[in-house]
Amino acid sequence: MTKYELEKRFLHGGDYNPDQWQDYPDILAKDLALMKLAKVNTVSLGIFAWSALEPEEGRFEFAWLDKIFDEIHAMGGNVILATPSGARPAWLSQKYPEVLRTNDRFEKMHHGGRHNHCFSSPIYREKVAIINQKLAERYGHHPALLMWHISNEYSGDCHCAYCQENFRHWLQVKYGTLAALNAAWWGPFWSHTITDWSQIDAPSAIGESMVHGQNLDWKRFVTDQTIDFFEAETKPLKAVTPDVPVTTNFMADTVDLLPFYSLDYGKFAKHVDLISWDCYPAWHNDAMSTADLASKVGFINDQYRSLKQQPFLIMESTPSGVNWHDYNKTKRPGMHTLSSLQFLAHGSDSNLYFQWRKSRGSSEKFHGAVVDHDNSADNRVFQEVAHVGELLEKVQAVKGSDKVARVGMIYDWDNNWALDDAQGFQTQDKKYGLSLQNHYRYFWNKDIAVDVVTPDHDFSKYDLLIAPMLYLMTEETMAKLGAYVKAGGQLVSTYITGCVDENDLTYLGGWPEKLQEIFGISVTETDTLYPTDRNGLSYAGASYEAVDYCSLFKTTSAETLAVYETDFYAGTPAVTVNAYGAGKAYYIGARTGYDFLAAFYGQMVHDLTLDHPFVETGNDAVSVQSREKGDQTFYFVMNFSETAQTITVAAESTDLLTGEKVGKTIALAPYGVKVLVP
Amino acid sequence: MTKYELEKRFLHGGDYNPDQWQDYPDILAKDLALMKLAKVNTVSLGIFAWSALEPEEGRFEFAWLDKIFDEIHAMGGNVILATPSGARPAWLSQKYPEVLRTNDRFEKMHHGGRHNHCFSSPIYREKVAIINQKLAERYGHHPALLMWHISNEYSGDCHCAYCQENFRHWLQVKYGTLAALNAAWWGPFWSHTITDWSQIDAPSAIGESMVHGQNLDWKRFVTDQTIDFFEAETKPLKAVTPDVPVTTNFMADTVDLLPFYSLDYGKFAKHVDLISWDCYPAWHNDAMSTADLASKVGFINDQYRSLKQQPFLIMESTPSGVNWHDYNKTKRPGMHTLSSLQFLAHGSDSNLYFQWRKSRGSSEKFHGAVVDHDNSADNRVFQEVAHVGELLEKVQAVKGSDKVARVGMIYDWDNNWALDDAQGFQTQDKKYGLSLQNHYRYFWNKDIAVDVVTPDHDFSKYDLLIAPMLYLMTEETMAKLGAYVKAGGQLVSTYITGCVDENDLTYLGGWPEKLQEIFGISVTETDTLYPTDRNGLSYAGASYEAVDYCSLFKTTSAETLAVYETDFYAGTPAVTVNAYGAGKAYYIGARTGYDFLAAFYGQMVHDLTLDHPFVETGNDAVSVQSREKGDQTFYFVMNFSETAQTITVAAESTDLLTGEKVGKTIALAPYGVKVLVP
Amino acid sequence: MTKYELEKRFLHGGDYNPDQWQDYPDILAKDLALMKLAKVNTVSLGIFAWSALEPEEGRFEFAWLDKIFDEIHAMGGNVILATPSGARPAWLSQKYPEVLRTNDRFEKMHHGGRHNHCFSSPIYREKVAIINQKLAERYGHHPALLMWHISNEYSGDCHCAYCQENFRHWLQVKYGTLAALNAAWWGPFWSHTITDWSQIDAPSAIGESMVHGQNLDWKRFVTDQTIDFFEAETKPLKAVTPDVPVTTNFMADTVDLLPFYSLDYGKFAKHVDLISWDCYPAWHNDAMSTADLASKVGFINDQYRSLKQQPFLIMESTPSGVNWHDYNKTKRPGMHTLSSLQFLAHGSDSNLYFQWRKSRGSSEKFHGAVVDHDNSADNRVFQEVAHVGELLEKVQAVKGSDKVARVGMIYDWDNNWALDDAQGFQTQDKKYGLSLQNHYRYFWNKDIAVDVVTPDHDFSKYDLLIAPMLYLMTEETMAKLGAYVKAGGQLVSTYITGCVDENDLTYLGGWPEKLQEIFGISVTETDTLYPTDRNGLSYAGASYEAVDYCSLFKTTSAETLAVYETDFYAGTPAVTVNAYGAGKAYYIGARTGYDFLAAFYGQMVHDLTLDHPFVETGNDAVSVQSREKGDQTFYFVMNFSETAQTITVAAESTDLLTGEKVGKTIALAPYGVKVLVP
């Protein structure tokens, strides 16, 4: 059993940067006292500490780190130790400029910023291996070491000669021959046939940008190259500490918390021992309700949990606000508690913060932290963090549990990239991720657990599988979906599905025959609407709005559930269901509002008895999420609204947070949360 | 008689890229079968086929092209053969980087994209000459060859050393001395006096950009350089096939279908044997009505027809949608027929498509095409194309006819460039093209034919000549306009007219005396309004809104037709007319809505009896356009609305599309069209 | 006494460019005649005339300048002679490319534009010194010479190797050691510790951009480097003409007329003999009322006057419109007179124009000028200029007077830069300048004179000192403010005050103790609101809206004047006052609309009897500004509205503009203005 496996506590703590405060001994002393007050049990050290660890080439200074390691250990805490590759010392950039990136206009970057090193540079890899080796040797067997935190928020790409050469090599391995590459990239289009490997460059705003197969391969290469760098970082660590788990902190995009765009985390997940990620919901924003945002938080946590089908870590979050949104509003009282427990409810085994203490200078000095510039425990944020620390201890029984879902959704990075690149439909934004969130919303409202998986996952565990907008779909995926339905699965698909193969080449001869067979329809056209255009769906006696996209199709064996209401295709099928083997395949031809999806999935949930077994009368503003351990189920009941709410459940229970008995009618204060055990 | 002159059919077909499908023999076989079904009689070959024709330097492969040439011939079809210069093979960019452009930040482009070669590069010219020569020798006397399609959609510019040197040479030829150049460029301003030719660069965002004479000369040079490249491309073809006409496909800008900005097509038109162009109206968009857009389509087709005063070709259009608009909506049933016949109605002798078949990969795979990925004749788009093919045969009698207009409008590229560059007025967008479209709209609504010509055309053929916003006006043009009015012409001019000469230097001493003489007024100020500012015109007992610009002026001999209603110039003249010789010159001082123009031109049309002789009761949503051949007139009657419409005409007639007799009252279905012969 | 000190007239005239018209002798002759008509007494010569003065390296041509110097002198006029460094001759850029700037992407600029030379280039400094020396020798003792106009509108920065080296040197002088620099820049953050001076570059979009201390130091360096260049330019002039004053024309930013962003004019002011600046209000725009804009004009003129606590010059203004706004509307009749006298009312001793005559070509040919292309005195603009010329003579008695203010406001460039850079709060725009204008507005409405000063000024002269959003506040400033209040001053501060020190490092240990002591409160949080969020202040029985920012704080000794109305801090203090020594310190915790500020300052003005002694019944659209000379006070009474207005005053008086007696009730026509002496 590793230290991590032996840890009974939920992790509480976060990024700690004593390297910034070496000239402030009183601050360093205060940190430890405050950590105890805040019930901190885990700190992440060494992120961006390279210049402190190796102030000049080959001269290492570990004394400061030794000290804090020992102190954390002395207070019974864990250390998550980072490799420092996320930012280089200035001496390294100066002596070896090759470690700096070249951007997509072929400009060589100058030193600065962070997360901007070349993933190919042999010297950078060598220097990272050396420092990682030193860290492993010095701290690998320290009793406080819990886990390795590899670099920080990997992202971006580089267009230097090394990276170009690696890309070409990657392509040679993939395609073998130029004939195969030209076939996949549809070479003759615009005379883009490649006749020598050396003619290939990465896509560039001042070079090639319209060869979609190349664009897609570049994004895949960037993921592979990043993973390769990660593996190179990990190698010296694993050599010394084969049993210490490694992770790297993942991210999400925009205030909608969409899956991170630039790296295929589906692939990356296979290379980390456990997933950790940095979650920053913009609570109390003025573009959506608290429940709207909470559902998005639920979606992405369920997704990142599903990638490895196991609990994950929140590696970074903020106890108050961030500093990089357009408007950096702080959390209202109670929201930090609610939000922290929501992470647990969706499968997190931690609530770690960026950052323990606000820095004094530079760009992140106003990013939320446990300890503010006042260096005090006597303020709202610190006290709510300490309160969360106490609650995490109270719900310790939940540790070791996991979520179980009967509903699966498919999200695919390849698909998102290809769809985003596609010239056609609505060119600017196809809204793939947002569409998935819209489908997910029904299940969140109804407290039904959902997994969000990639196409290579096992679908057989799901009673219902939802695969919207799978524009890029391999024949293998088609076959898997067919087998899934045939065996009794319920599959839901939508407009813009099954258009291209893994090379972003369209299927020829009409909508793929396999899909025709599964869905009992044949798609003939996709009508793209202008923003103010509207069509309607007539479904089960009611009318629903259709926007953005309307698929036109013919049914063969499918039954029509809804028809279009206007335009030249009025009266033709809009939503269908097809009995296929022991299962059913549904096709939703148009993008709709939430109202239609609620009606549609309401019927399915009823038919499949997917209703939450514990919740008798739910509430769209109250989310109930379960974690299970053996026979025991823990119910997280969370009020994501600014008013008191009530739900009724099937049984009386105990609230682990308070130890109080709770009846079948559960009243929740604004932002109220309970963790119930029946 | 050339093959083109002998062709009795309207051309139907379009861009065909068998080079993309050499690995798909079944597709190639199906193409020919489908072409027959679609009544295709003409294909454009070889656009972007350089890498297929010359896969490595000096090795040519024509077998695939021979085959398709013979097949097209065998089915009685024509080939429009393109020179392949629109995109380079990768080997060419790799071996000779000089063929790639340098942008206006002096960044050297990398290989990729298309339409981005240097027009000066000696090597590129040499390589193009060689391949063109080969094509001429091999296909110049093939019986299927109808026409040469030179390159594709010429556009852009290059800032490499060759181009800079050519620019300097062009300036030396134009100005002779630096004194003359400095006088024209107003050299001393900001110390910009040039003292050596070598000091001159092209305008650049990181160099010189504020010398307006230089900016104007650069745009003129770019046109001349592009034409020079075109001539160099054409030379080897003309040597072998002096009788085969050459054209190159022109373009329009934005969804408003404004005249293409970057090249002076007025000049370019003199170098092509016939004009062809690529027309992509965004039908059914949500920013304008169908009639609004149809009028814009009419405007630009009339303009491109007028440039050579002869029928032109639609070289590219889409049977469904495009892939490069923000929202790529497809045509509603009937719109393709209506839109195709509208092209003919304005003087097109073809309806050719981009593209025959959707490509399978890369950026244009969702661009509309006759044949979709389903490879089938059994879909809405193919069937409507086939229907258009039939209709084109039914109206074959129209071939050989042309349009005759008594109303002329002036559009001038030099003027547009100078006006666009002008610092002053509304800086961002002076709306020159949109203003012309607004004037044109009245005549379109009233079914009155209009020519849109450049200032070097003969005006004497027009009863009415409309010249809005001729900010840049040479003394030669003033003299021409004066002579035109003196001889009895009716001239309409507007605000922002006669400000600068051919060097973008202002006229001194007040509004040019010649214009004062013609219009009987003297312009003293131009009031530029903020977007929400409004003034009013009091005209013929009614009040009309004035926006954007109000000229302030004094009348000398002119009669005042309208006065301003508010602000410090309330009561002063806003619209005037001056009797000058046998004609009249009108000046409209303010930008107005369509309502005023309708009232104003309504009176003129009445006075000049410009009313359509055939239309008795017209309809703003129904456009009637005539083509004339000897004594015969063909009336295209087109309903650009989503509802049924009626007009009444002077005589009974026969509809060529159906062969049916049509009475004086003509009822049109939504998007309905008839081609009538009385 | 210098010629400038002896000048009894307000300066009237402006930028004159005979160098552009050397080929137009009739124009040059007409200029002099028109100047007399327009009552011009001063022209600025030689701006951008380098290529005319030194057409090739080392060959100087002064004849044309001699002539105009003599002619101006002959008509009794003054010459303000410019050094020509604002734009280089082409030969200079060509021979010495180092004089051109390198931008922040490290792109070397090409020749062109203006105001874009490197401030470090030794060769540029040498060439400027030579031409300046020549000008000093030739014209330094010419009787027409009034003043030196150094270069033109200094701005921008350069990233060349010289500038980088100068920046490093500047840092070495400032910090002495890298340890000190790293401490100030918070070096360890993101491993940004500097270990060799040579590792430092200027901030760059493709290098370092997130080290806030570095960003702030770069902006300070740019100011110092610009001043150093200015001093280098001035040196040869002062050597020859120690008694001729030097100035350089300052600017403002955007249509809101915010203090110029890029240069610290507070520092620069100490190096000029008198301040001159270029003021271009966008009168009659559609985003604000005339009074709104007039108040902004008042603010910035008061600020630039306050920097040296003496009258200043309007070096450029337009008699009509400009050419670089989005919409270049011209002044309505009367507005030029009103606007010109407003400049005087706030302390200007001139009304000079850019430009005397519109150029014939290039980008400024439509910029407003006294003489239009019509070359005539017979137009609206010329005539209103001539009228202003007459009025300036009529108010000549005002010359020698200055403004006296009992209210001070603090604007600090360092603070604006640090606040703008701050990641946090509302990231995009903290609205520092606009907030100051909002506070100023009350006093403008109530005709109470205000100084706008930097923190290094003497505060003791003010009864009331307003210091909003002083985010960056040194301990020295805190001490000064404390002493000011202790001695009986009234201080008003707001949200986002006292966050960081001079290095942009946050204060630790809570809100600075000195501020706690002064204000009797302790700020604990700043709540940042989304744009649609609202809170309310309950103050003196009324409710006022709070937007953008709400400070949360605890009172110690302060009295609460207003409380928040909603959200989790409802009922807590929002506005407080603290008795401190003999004075009082007010803290306004939230951003409010004008309504609250009017109520708040209304009370203070009443308590402090700051009311205007002459105005009995004021009018928000009528501004009354006083200038004092000995015992005499001149009242400028100005109606900034489109309708007639009335005010009543304490005494009868005489209007210097008309010589008429004016009673206590003063009626003003739209845009009407009077200059009253009781």
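## Strand β15 of chain C

In β15(C), C:V492 is the bridge partner of C:I466. The strands involved are β14 (residues 464-467) of chain C and β15(C), which pair in the parallel sense over four bridges; pairing requires at least two bridges found by DSSP. Helices (H or I, at least four residues) and strands (E, at least two) are DSSP runs, numbered from the N terminus. The model is predicted: local features need pLDDT of at least 70 and side-chain atom pairs count only at pLDDT 80 or more, whereas totals for chains, interfaces and linings use all residues. Residues are numbered from 1 along each chain as its sequence is written, and chains are lettered from A and ligands numbered from 1 in the order in which they are written.

Strand β15 (residues 490-494) of chain C is largely enclosed by the rest of the structure, because five of its five residues are buried. A residue is buried if 20 or more other C-beta atoms lie within 10 Å of its own, exposed if 12 or fewer, and partly exposed in between, with C-beta atoms placed from the backbone. C:Q490, C:V492 and C:T494 point one way from β15(C), while C:L491 and C:S493 point the other way, and all are buried.

## Nonpolar core

In soluble globular proteins, nonpolar side chains tend to be buried together. The largest nonpolar core here has 658 residues. Such a core is a set of buried Ala, Val, Leu, Ile, Met, Phe, Trp, Tyr and Cys residues joined through C-beta atoms within 7 Å. A:F636, B:F636 and C:F636 have the most contacts inside the core.

Two residues are in contact if their C-beta atoms, placed from the backbone, lie within 7 Å. Apart from neighbours within four places in sequence, C:F636 is in contact with C:L341, C:L344, C:A345, C:V624, C:Q625, C:V673 and C:V675.

In chain A, UniProt places the feature "domain: Beta-galactosidase C-terminal" (unreviewed entry) at residues 622-677. This span of chain A is 0% helix and 62% strand, and its end C-alpha atoms lie 17 Å apart.

## Annotated cysteines of chain A

The UniProt annotation "binding site" (unreviewed entry) covers A:C118, A:C158, A:C160 and A:C163. These residues are spread over 46 residues of sequence, yet they cluster in space, with a largest C-alpha distance of 7.9 Å. UniProt positions are given in the numbering used here, feature names are shortened, and annotations may be inferred rather than shown by experiment.

A:C118 is in the loop between α5 (90-95) and α6 (122-139) of chain A. With 26 other C-beta atoms within 10 Å, A:C118 is buried. Not counting residues up to four places away in sequence, A:C118 touches A:E98, A:V99, A:L100, A:R101, A:Y124, A:C158, A:C160, A:Y162 and A:C163. A:C163 is in helix α7 (residues 161-175) of chain A and is buried, with 22 other C-beta atoms within 10 Å. Leaving aside neighbours within four places in sequence, the contacts of A:C163 are A:C118, A:S120, A:C158 and A:A202.

## C:Q214

Helix α9 (residues 212-240) of chain C contains C:Q214. C:Q214 is buried, with 27 other C-beta atoms within 10 Å. Neighbours within four places in sequence aside, C:Q214 is in contact with C:W185, C:P203 and C:E208. C:Q214 and C:V563 are 349 residues apart in sequence and 39 Å apart in space, C-alpha to C-alpha.

## Interfaces

Contact between chains A and B takes 46 residues from chain A and 50 residues from chain B. On the side of chain A that touches chain B, α9 (212-240) and β16 (521-528) each supply at least two residues. The largest share, four residues, comes from β16(A). The residues of this side divide into 19 nonpolar, 20 polar and seven charged. Here Ala, Val, Leu, Ile, Met, Phe, Trp, Tyr, Cys and Pro count as nonpolar, Asp, Glu, Lys and Arg as charged, and the others, Gly among them, as polar.

Between chains C and B, 50 residues of chain C are in contact with 46 residues of chain B. On the side of chain C that touches chain B, α3 (50-53) and α5 (90-95) each supply at least two residues. That side of chain C divides into 15 nonpolar, 20 polar and 15 charged residues.

## Symmetry

Two copies of a chain are related by a rotation about an axis and a shift along it. Chain A can be laid on chain B with an RMSD of 0.0 Å by a turn of 120 degrees and a shift of 0.0 Å along the axis. The two copies are thus related as by a three-fold rotation axis. In chain A, the C-alpha nearest the axis belongs to A:E107, 5.7 Å from it. Superposition is by least squares on the C-alpha atoms of residues with pLDDT of at least 70 in both copies.

Chain C is superposed on chain B by a rotation of 120 degrees with 0.0 Å of shift along its axis (RMSD 0.0 Å). In chain C, the C-alpha nearest the axis is that of C:E107, 5.7 Å from it.
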